[in-house]
Amino acid sequence: MARITFIGLGNMGAPMARNLATAGHTVVGFDVVEAARTRFAEEGGTVLDTMAAALEGAEVVLTMLPSGAEVKAVIAGPDGVLAHAEPGALLIDCSTIDVATAREVAAEAAARGFEMIDAPVSGGVAGAAAGTLTFMVGGPETAYAMAAPLLEVMGRTIVHAGDAGAGQAAKICNNMILGISMIAVSEAFNLADGLGLDRQKLFDVASTASGQCWSLTTYCPVPGPVPTSPANRDYKPGFTAKMMLKDLRLAADAANASGVNAPLGAEAGKVYEAFCNSGGDATDFSGVVRFLRGG
Ligand code: NAD
């Protein structure tokens, strides 16, 4: 069993950390926000008030932070993980961040004697709680082999995608598909409304025909056909529109940087940006159906 420091006890991090503790590991949590620390402690977790204290004796350090800026500061900053953890510790960053920062931080960690992988996830808060996340991993084979048993506690599907940054690359490619497909499904339901076609009938056809996709069959953006989808709880997230916008921006930046033509990804980003600007940023991203309908 490992001594694990878990940094970033938010919507995803807290349940992931709990699953590791439940599996028998010694987990010490830290979050920069006191309310997050208190919540984690109230749910039975162990927290410490400073990152330096939380890192003492850590064999594994997991991070689940909002974006690349926080990951860089927490891992490589002057008071961060590389400064306080013992060289040889395994670093696992599960945040969704840009590929360039992931590679930069991994290189710095390696230069200081740390094993590191990027291991962003798919599966949302429900997957984090149930321990059924999908992990997309980038980094050396040695680090992957060390991390795999821990990832198996938190997830169901683990794919070693390649070298440092490859996990992030897989994640943004997947989420570009998701962002575009949710808009496609939403437009189709809105068109069905306009044509007087019953929503359930469209679902019955498209879910068994060539329009079939996750955005339709698991996360249907209109209430009714998939009772567990956020549409049935007034688009309470789930996965917020703001997060989707973040991922589409990462995808657009990566496409530009690598000279790849991805017009629909860029257009989807504009739609979620307008949705967020209209006040939808804390709404589930599938609420884009309502935004496209005009509210
Ligand atoms: P969140 O905002 O709920 O949690 C992030 C936590 O990090 C917060 O508690 C915040 O206080 C903490 N934090 C920020 N800066 C810090 C610092 N310097 N030191 C310590 N703690 C710090 O976000 P989340 O929903 O848990 O998402 C985390 C990551 O997972 C993001 O990169 C997101 O894109 C990705 N993700 C989220 C989902 C989802 O459904 N929510 C799904 C897949 C991936």
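Student: How many residues of domain 1 are in contact with domain 2?
Tutor: Twelve residues of domain 1 touch domain 2, where nine residues take part. Keep in mind that this is a predicted model.

Student: And where do the two domains lie in the chain?
Tutor: The domain assignment puts domain 1 at 3–163 and domain 2 at 169–292. Their centres, taken over C-alpha atoms, are 28 Å apart.

Student: How much area do domain 1 and domain 2 bury between them?
Tutor: About 740 Å², with 68% of it on carbon and sulfur atoms. On the domain 1 side, T96, V99 and M136 lose the most area to domain 2, and together they make up 50% of what that side buries.

Student: What is the count of salt bridges between domain 1 and domain 2?
Tutor: That count is zero.

Student: Okay, new topic: pockets. How much space lies in the second largest pocket?
Tutor: About 180 Å³.

Student: Which residues line the second largest pocket?
Tutor: The lining is V99, A169, I172, C173, M176, A251, A254, A255, S258, V260 and A262.

Student: How many of the lining residues are nonpolar, polar or charged?
Tutor: Ten are nonpolar and one is polar, while none is charged.

Conventions
Residues are numbered from 1 along each chain as its sequence is written. This is a predicted model: local features need pLDDT of at least 70, side-chain atom pairs count only at pLDDT 80 or more; totals for chains, interfaces and linings use all residues. Side-chain values use heavy atoms; hydrogens and water are left out. On a 1 Å grid over the protein atoms alone, a cavity is a set of points where a 1.4 Å probe fits but cannot get out, and a pocket is an open set with protein on both sides within 12 Å along at least five of seven lines; lining residues have an atom within 4 Å of a point. Grid points are joined across faces, edges and corners, and a volume is the space filled by probe spheres set on the points. Ala, Val, Leu, Ile, Met, Phe, Trp, Tyr, Cys and Pro count as nonpolar, Asp, Glu, Lys and Arg as charged, and the others, Gly among them, as polar. Domain bounds come from an automatic or database domain assignment. Contact means heavy atoms within 4.5 Å. Buried area is the accessible area (1.4 Å probe) that two parts lose on being put together, summed over both. A salt bridge is a side-chain nitrogen of Lys or Arg within 4 Å of a carboxyl oxygen of Asp or Glu.
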